[in-house]
Amino acid sequence: MLHDLLMAFQAVATIENFLIMAAGIWGGVIIGAIPGMTGTMAVTLALPFTFYMQPIPSILLLVALYKGSTYGGSVSAILIKTPGTASAACTTLDGYPLAQQGKAGKALNMALYSSCTGDFISNLSLIFIAAPLALLALRIGPPEFFMLMVFALTTVAGVSGRSLLLGLVSACLGLLLATVGEDMYGSFRFDITVDMQSGLAVAPVLIGLFAIPELLKIIVFRHQQTAKPMQMGDNRVTREELRRSLKAMLKGSAIGVVMGAIPGIGPSAAAFSAYGEAQRSSKNRDNFGHGEVEGIAASESANNGCCGSTMIPLLALGVPGDVITGVMLGAFMIHGMTPGPMMFETNLNEIYMLFIGMMFSSILLFGAGKVTMRMFSHISRIPPGMMAPTVLILCLFGIFSISNSLFDVYVLLAMGVFGFLMYLFAIPAAPFLIAFILGPMLEENLRRALALSRGDPSILLSSPITWLFAALALFVLIITIRQQLNKAKR
Amino acid sequence: MGVWRGACVAVLFGIVLLVLIPVYVPRPSFIPGFAPPPDMWPRTVSGLGLALGLLLVALSFSKRAEAIADPESASVLRGEAPKATLLLRFALAVAAFVLYALLVPFLGFLLTSILMLLLMLAMTGYARARLPVSLALAIGLPVALFFFFSSALRTRFPVGSLLRALGF
């Protein structure tokens with residue numbers, strides 16, 4: 001294996017490959033930082049260019065775009081509270097408060113270090129544990145999937161606000177909104193208008209919920225009008241902060257690797273779950289949501305931790321875990337390679353080249369992150385009274401361009417008003433969002449499980465894996481209620 | 001705030017459960033195999049939401065349960081401004097959003113976005129302090145975005161019936 005890896009290293013380490021990866025990473029960071037433009041869009045737009053390229057450079061370009069956009073989403077999440085990608089929504093919880101405190105540089109640096117760490121660990125996992133993880137992922141059926149999602153939701157609802165009940169209310173609202181549109185058997189639900197038959201897209205809901213309420217806060221309360229523009233301020237992450245965040249970073253990376261390897265879950269759920277776990281186990285748990293670097297470390301390491309591991313089911317089993325890996329599957333096939341167990345026999349050299357290229361791209365991500373950080377640093381100096389309306393216009397154009405739909409624009413504005421009302425009632429937005437993203441999968445797997453068992457709900461606790469996730473969910477609930485009651489006593 | 005919030009949550013989920021689901025989530029006449037009906041999940045979620053809303057109301061009467069039911073008081077969020085002023089500002093902002101939605105099919109995406117940006121800059125108070133910058137931004141940014149998305153992503157923005165009638 002070592003000999004093969006060295007040969008692959010020699011083949012990948014060319015100026016041409018480095019330039020392609022650098023362009024992919026840098027382009028991905030910029031696209032990810034623009035609200036409404038996603039990694040999926042970047043990868044899909046780049047696909048036609050790969051027709052004219054060699055197989056491995058073309059896959060590396062797509063992987064680099066994916067990694068870059070995943071990190072790029074955190075830049076706008078921290079600076080303007082508008083997550084560029086859904087997986088960066090969790091980073092706003094602590095990134096934006098840090099930026100408001102004049103420590104945007106610290107937040108961006110922590111996001112970069114954590115993203116690179118998560119990415120690197122994810123790549124290592126792809127190289128060394130692809131096969132066993134893929135086998136484990138295959139054993140996850142509808143009941144296990146349902147329980148895993150329940151566990152993820154419980155974690156998020158319990159930790160992203162100061163009240164478990166309000167977190168659960170928020171999650172219920174998200175789950176309910178996710179039922180709008182056509183269900184898995186073709187029935188239409190809540191189709192009040194024709195546009196609602198296809199359901200509500202994630203991007204307008206996500207951006208409306210996080211970005212627009214900021215504008216409404218400035219308009220209604222006027223409390224930020226006199227505030228000074230944000231400063232990049234303290235740029236460095238101290239050694240103490242790094243040491244303190246290391247545990248959250250490693251746990252986040254591990255959660256990202258495992259959740260990324262399971263087809264369908266994706267980086268958003270991983271980021272929120274890692275955030276929940278970091279808050280639960282941190283000594284500074286009260287500071288989460290107010291600008292805690294550990295929170296940024298957990299969410300960013302988890303979402304980038306998914307980047308490499310989403311390739312595990314693709315390469316080992318030929319199963320794409322999400323839309324991006326679906327596009328990559330297309331790219332592999334265009335170049336005459338069919339991902340799956342046979343690929344490890346027929347195209348082993350190409351697989352090793354891909355592994356090595358992905359390791360290089362982690363290093364390039366660090367460089368691109370540092371460069372773009374300086375470029376985006378000017379954003380933090382814009383006064384909020386000018387910035388918030390500007391963001392609104394960016395969102396309107398970005399959201400419309402995704403599917404040329406005015407309905408999405410209306411959803412964006414409506415969700416902004418709804419998000420502001422949630423803020424007034426102190427209902428946290430994060431559980432709503434993650435429930436909205438996971439809702440369709442949660443329902444689908446519940447209905448599949450019930451159909452399999454002929455309506456017997458005991459199937460949801462029929463295997464050791466379901467028991468494990470149910471026990472974990474219960475454990476999180478009990479711990480959260482205990483913590484909140486102790487706080488009330490104090 | 002706790003009682004009001006709990007009541008609002010309970011009423012919202014109650015309306016969904018008792019009014020919207022019976023009308024907008026019809027049960028098909030034939031369901032294949034043992035598949036649960038389409039209204040099973042929305043009913044479960046809204047029933048849970050209704051219960052949580054009622055629990056919020058109940059816990060609001062207990063000081064010990066404050067940390068679970070009511071972590072923040074309304075005055076912390078509101079500050080010193082009178083409630084009527086805040087409500088008026090909120091109503092104006094929502095009216096601006098509604099106006100935008102109504103004007104896009106008539107004036108087109110670009111022109112309405114310019115007007116929207118100008119209005120928002122005025123509402124945040126920035127336009128009063130720096131009018132020339134606000135005007136330049138309100139025209140320049142939507143125009144730049146319009147050309148960027150039209151040329152780079154081939155997005156076709158709505159022209160609007162008025163501009164179409166004028167031959168654009």
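Two residues are in contact if their C-beta atoms, placed from the backbone, lie within 7 Å. Helices are DSSP runs of H or I with at least four residues, strands are runs of E with at least two, and both are numbered from the N terminus. The model is predicted, so local features need pLDDT of at least 70 and side-chain atom pairs count only at pLDDT 80 or more, while totals for chains, interfaces and linings use all residues. Residues are numbered from 1 along each chain as its sequence is written, and chains are lettered from A and ligands numbered from 1 in the order in which they are written.

Chain B contains 9 helices and 0 strands. Its pattern along the sequence is α-α-α-α-α-α-α-α-α. Chain B has 168 residues, and 30% of them count as buried. A residue is buried if 20 or more other C-beta atoms lie within 10 Å of its own, exposed if 12 or fewer, and partly exposed in between; the C-beta atoms are placed from the backbone. Contacts in chain B were also sorted by sequence separation. Of those between residues at least 6 apart, 63% join residues at least 24 apart.

Helix α6 of chain B covers residues 109-124. The expected span of a helix is 1.5 Å times one less than its number of residues. The 16 residues of α6(B) should therefore span 22 Å, and the end C-alpha atoms are 22 Å apart, in agreement. Buried residues of α6(B) include Phe109(B), Leu110(B), Ile114(B), Leu117(B), Met120(B), Leu121(B) and Thr124(B). What covers the buried residues comes from both chains: it includes α10 (212-221) and α18 (384-403) of chain A, and α5 (83-107), α7 (126-129) and α8 (131-152) of chain B. Gly125(B) follows α6(B) and has a positive phi, near 95°.

Between the chains, 56 residues of chain A are in contact with 57 residues of chain B. On the side of chain A that touches chain B, the elements giving two or more residues are α8 (164-177), α10, α18, α19 (406-424), α20 (429-452) and α21 (464-489). The largest share, 11 residues, comes from α18(A). By class, this side of chain A has 36 nonpolar, 11 polar and 9 charged residues. Here Ala, Val, Leu, Ile, Met, Phe, Trp, Tyr, Cys and Pro count as nonpolar, Asp, Glu, Lys and Arg as charged, and the others, Gly among them, as polar.

Pro389(A) is found in helix α18 of chain A. Pro389(A) is buried, because 28 other C-beta atoms lie within 10 Å. Not counting residues up to four places away in sequence, Pro389(A) touches Leu215(A), Leu117(B), Met120(B), Leu121(B) and Thr124(B). Met375(A) is 14 residues from Pro389(A) along the chain, and their C-alpha atoms are separated by 21 Å.

Helix packing within chain A was examined next. Two packed helices are described by the angle between their axes and the distance between the axes. Axes are lines fitted to C-alpha atoms, for helices over the stretch in contact, and angles run from 0 to 180 degrees between N-to-C directions. The axes of α4 (residues 55-80) and α5 (residues 89-100) of chain A come within 7 Å and cross at roughly 45°. This makes α4(A) oblique to α5(A). Angles under 35 degrees count as roughly parallel, over 145 as roughly antiparallel, 65 to 115 as roughly perpendicular and the rest as oblique. The contact includes Ser74(A) and Ala77(A) of α4(A), and Thr91(A) and Tyr96(A) of α5(A). It has 6 nonpolar, 4 polar and no charged residues.

Asp94(A) is found in helix α5 of chain A. Asp94(A) counts as buried because it has 30 C-beta neighbours inside 10 Å. Leaving aside neighbours within four places in sequence, Asp94(A) is in contact with Phe288(A), Gly289(A), Gly291(A), Glu292(A), Gly295(A) and Ile296(A).

Helices α12 (residues 266-281) and α13 (residues 293-309) of chain A pack at an angle of about 150°, with their axes 8 Å apart. Gly295(A) of α13(A) is among the residues of this contact. The contact of α12(A) with α13(A) has 9 nonpolar, 7 polar and 1 charged residues.
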